[in-house]
Amino acid sequence: MTAPVLRVEHLTMRFGGLVAVHDLSLTAERGHITALIGPNGAGKTTVFNCITGFYKPTEGRIALQFGEPHLWDALETLTESGKRGHVRWDGSLYLLERMPNYMVAKRARVARTFQNIRLFQGMTALENLMVAQHKTLMRASGFSVLGAIGWPSYRRAECDAIEKAHYWLDRTGLTERADDPAGQLSYGQQQRLEIARAMCTDPVLLCLDEPAAGLNPHESAELSEFLRSIRRQHETSMLLIEHDMTVVMEISDHVIVLDHGVKIADGTPNEVRNDQKVIAAYLGVEDEEVGAAEAEVGL
Amino acid sequence: MPDEAAKPAAAPAPGPDVVRALREAGVTALIAFGLFLPLIGFNTVQNIRNELVLETRWVLLFSMVAIIAALRFAQVAFIAPYLAEQRQKRAARPVVEATETPWWTNYAVLGALVLYPLLAILFTVLINGAPGGAAKWIDNFGIQILIYVLLGWGLNVVVGFAGLLDLGYVAFYAIGAYTCALLSLHFGLSSFWLLLPLAGVLAAFWGILLGFPVLRLRGDYLAVVTLAFGEIIRLVLINWVPVTKGYAGVSSLPRPSFFGYPFVDAPGGFADRFGIPFSPLHRLLYLYYILLIAVALSAVIISRLRRLPVGRSWEALREDEIACRSLGINTTNSKLAAFAIGAFFGGIAGALFTARQGFISPESVNFSESALILAIVVLGGMGSMTGVAIAAAVIIGGTEALRELAFLKQIFGQDFDPAQYRMLLFGFAMVVIIVWKPRGLIGTREPTVVLKERKRIDASLVREGHG
């Protein structure tokens, strides 16, 4: 049952002399919510940007697989072949570090949200969700040729797309605001719309970068419930960066803690909560313990 | 709702505040008097004996003071409250407005455009007794404006939709026009109907060719490279004399024929075949309707494209390129499509331009032409096809109308040529638009898809392109 959807191995990202992420390995299980936490500047967003193809990692392998889990067996041959991915009728395996960012979203079906919300402000909520279905609609419109002459199959596809957008607007409670520009929605609504937009791409892996930032406790409880229901009803695994520990502890199956670009803990929420290194990273330690802890971490 | 919000604020000042205005005017008059007394009130002149004599100019002084006091009075009593009210109205207006354009607007406009040349002929016949004078109205106003509408819409795809600032758009116009010219000159292709699509396709091809290297550039850098591309094309046309004939240009280009019957005063021509007296108006009318069909078709195609995924990806690209890529949109392909389609319409416009002039030279494709088309797009409201069409009609029609103001010579003297003031008025119009409507005549955006209620999106939310 539990096979990984994402495997990050020995990921290192350097910006000039700065090592943002150092030799990080992690796995995200299929159908699980994996949280990535750590103090500010720990390199969480850098990891996200590497996974989603916005940064090209200096070293390391990022592999994503969906469909039949036995495709993982092809990982080594794929790596040696120098190709980007291995696609079969029963599933696909991709090496994300070899793909440009739009391919990561289009082929490997990794969707993401952004720390500072990046909606199309001047387009309506509905349009935002329609843009997200670009791949499907583009194919249905015969790369604009059939669409331009009003071919019936395209009209049907567009109706389906609107239907799907409507579903996600309902799920996020934005149906009433469907025809309002995204820039006019409240902060919480914009955050929900961004998640809905990411979900409209039918992702295998959804990467959420601080979805609960700026929400009040009531709203973040709603968000937790929403994310859990997405996981229940859709075959989407999630990778989550979050500072709100209530949300993290409540919904994640697995927590990975980063500090200074290095993984310091990895386990269930309960294990991580009681980990000395994590407590040290978040709360600081008394002076004599600092040396010991740093030696353990490898600094 | 907005009306209720505006009322309480406006209530305390029901009419112009005359007392305050009078007081302000008095103060201003005093200050003006103090300033002008030494400057205007006294004047020193030398008399015959080289003596300095002090003259007083009370009439001039008091009239100046009176003018200034009156202006101040008008400003305090009328102008300032009016502006404040306007500002309040603007603030109270909801950002999203419902659309009220009735469905038949487009048909009404199309009908008016179909009737326009006929009405022009009718009025000229009524006034002059002969239809000859109508040529000016059909050609300079009708055909020329329609060509610029086509160019404006083409550039609007690139600048307005995709947000890519293209300063060398005239290059595609040149490619379209010279495709017709050179293919007929060197390869003897004499059918306009064959050259027209070729012009569009070749221009689109060059659009893609230019697009590939430059699309990684953004904003100002993209603008500079496209500007350079426009200049390169023009310089090649000037200097490659064996092929392009350089400055001399290419003349006697093929004109569209009516199903094989050319518009000539000869046996086998259109007039001869249909047994009507020859008139140069036939050709102009025909060209006008060809252009009208071309413009109507482009309107349909471009507005459809905008509602297709590719069009939505252009606008999404203008809003946020990074978000586009995170949704799996290949932004390079989207930009190339925008460039190619923009260039296609530029090429078609170029071919139709040769059909109008029968002559093309590098003079017609210099940078000022690019700037003019860009001005049409910016003044019209980037992204709004209606706005661009209105702007083209106003700018091109306005320039042409200046030539019609010959009666002003009776006032300003024979040396006065109103057309000389074209650029001055053009600049003035630009400044007025930028101050009054910084996002162009039509700054609101129509959503491409609607769930329940169609609402316009205010310009303040829509991003302008940044490359």
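**Close-up 1. Residue B:M423 in helix α18 of chain B**. In this predicted model, B:M423 belongs to helix α18 of chain B, an element that covers residues 422-436. The residue counts as exposed because 11 other C-beta atoms lie within 10 Å, whereas the exposed class extends to 12 or fewer. B:T399 is 24 residues apart from B:M423 along the chain, and the C-alpha atoms of these two residues are separated by 9.0 Å.

**Close-up 2. Chain B as the setting of helix α18**. The secondary structure of chain B consists of 18 helices and 6 strands, and the C-alpha atoms of the chain fill a box of roughly 80 × 65 × 45 Å when the extents are taken along the principal axes. Chain B has 467 residues, of which 38% count as buried; B:M423, by contrast, is exposed. When the contacts in chain B between residues at least 6 apart in sequence are considered, 74% of them join residues at least 24 apart.

**Close-up 3. The contact between chain B and chain A**. Chain B contributes 36 residues to this contact, and chain A contributes 34 residues. On the side of chain B that touches chain A, the elements that give two or more residues are α11 (280-307), α12 (309-319) and α13 (321-326) of chain B. Of the elements on this side, α12(B) gives the most, with 7 residues. Divided by class, the side of chain B that touches chain A comprises 19 nonpolar residues, 11 charged residues and 6 polar residues.

**Close-up 4. Domain 1 and domain 2 of chain A**. The domain assignment of chain A places residues 1-109 together with 237-299 in domain 1, and residues 112-202 in domain 2. The centres of domain 1 and domain 2 of chain A, taken over C-alpha atoms, are separated by 29 Å.

**Close-up 5. The contact between the two domains of chain A**. Here 6 residues of domain 1 of chain A are in contact with 5 residues of domain 2 of chain A. On the side of domain 1 that touches domain 2, the elements that give two or more residues are α1 (44-51) and α3 (101-106) of chain A. The residues on this side of domain 1 of chain A divide by class into 2 charged, 2 polar and 2 nonpolar.

Key: Residues numbered from 1 in each chain as written. Chains lettered and ligands numbered in written order. Predicted model: local features only at pLDDT ≥ 70, side-chain atom pairs only at ≥ 80, totals over all residues. Contact = placed C-beta atoms within 7 Å. Helix = DSSP H or I, 4+ residues; strand = E, 2+ residues; numbered from the N terminus. Nonpolar A, V, L, I, M, F, W, Y, C, P; charged D, E, K, R; others polar. Buried ≥ 20, exposed ≤ 12 C-beta atoms within 10 Å, placed from the backbone. Domains from an automatic or database assignment.
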